Amino acid sequence: MAVGIHEANHYLTAKKLGLQPRYGGSAIEHICETDQWVCTFGQTQVPIEEYQKLTIEQTAEFLVAGSVAERVILGFAPDETSQSDYEALIFSGRGKPSDLIWLWKKTGERMIRELQADLEAQRRLIHAGARYESEIFGIDRSVRASPIQ
Ligand SMILES: [Zn+2]
């Protein structure tokens, strides 16, 4: 469940930020149908040109989302799953690392408060996490039996 929740919150946050995310495979790949290049953070991909249009605050929101989901839903965030997200922000070259570390922390704390206060968002996240796991790992869950909202 940890991976599903983590990835689902990258996905949902990307959608909220107006990106067109998808779940998928390797680090950078070309999508033939839409002729787009995408970059991967964990398993959630967004088109690079869309990603580059985000403000640094939005970038932080997108990257920290996985760790936020783990903290709120699971009660802890394993370091290894969010390490690459953290490094993607700190070494993005879009600010001094010390400022970006602060931004990561501050953005995460705000998103944790918002998610903790929003039970409906938690429910959507758990649902999306379960769906992610069944899509990627082929785990058949009862989610399929319920209508997709
Ligand atoms: Zn991640």
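Ile112 counts as partly exposed because 17 C-beta neighbours lie inside 10 Å; by the criterion applied, a residue is buried if 20 or more other C-beta atoms, placed from the backbone, lie within 10 Å of its own, exposed if 12 or fewer, and partly exposed in between. The model is a predicted one, in which local features need pLDDT of at least 70 and side-chain atom pairs count only at pLDDT 80 or more, whereas totals for chains, interfaces and linings use all residues. Residues are numbered from 1 along each chain as its sequence is written.

Ile112 lies in helix α5. Leaving aside neighbours within four places in sequence, Ile112 is in contact with Val68, Arg71 and Val72, contact requiring that the C-beta atoms of two residues, placed from the backbone, lie within 7 Å. Between Ile112 and Ala65, 47 residues apart in sequence, the C-alpha to C-alpha distance is 9.0 Å.

Helix α5 (residues 97–116) packs with helix α3 (residues 56–74) at an angle of about 55°, the axes being 8 Å apart. This angle makes α3 oblique to α5. Axes are lines fitted to C-alpha atoms, for helices over the stretch in contact, and angles run from 0 to 180 degrees between N-to-C directions; those under 35 degrees count as roughly parallel, over 145 as roughly antiparallel, 65 to 115 as roughly perpendicular and the rest as oblique. On the α3 side, the residues that meet α5 include Ile56, Ala60, Val64 and Val68, and among their counterparts in α5 are Leu103, Trp104, Met111 and Leu115. The residues of this contact comprise 11 nonpolar, four polar and two charged, where Ala, Val, Leu, Ile, Met, Phe, Trp, Tyr, Cys and Pro count as nonpolar, Asp, Glu, Lys and Arg as charged, and the others, Gly among them, as polar.

Helix α3 also holds Leu63, which is buried, with 27 other C-beta atoms within 10 Å. The C-alpha atom of Leu63 is separated by 7.2 Å from that of Leu89, 26 residues apart along the chain. In helix α4 (residues 79–90), Leu89 is buried, as are Ser82 and Asp85. These three cover an arc of only 50° around the axis, which puts them on the same side of α4; the arc is that of the directions from the helix axis to the C-beta atoms. Exposed residues Asp79, Glu80, Gln83 and Glu87 are carried on the face of α4 turned away from its buried side.

The protein chain contains six helices and four strands, defined as DSSP runs (H or I, at least four residues, for helices; E, at least two, for strands) numbered from the N terminus. Of its 149 residues, 30% count as buried.
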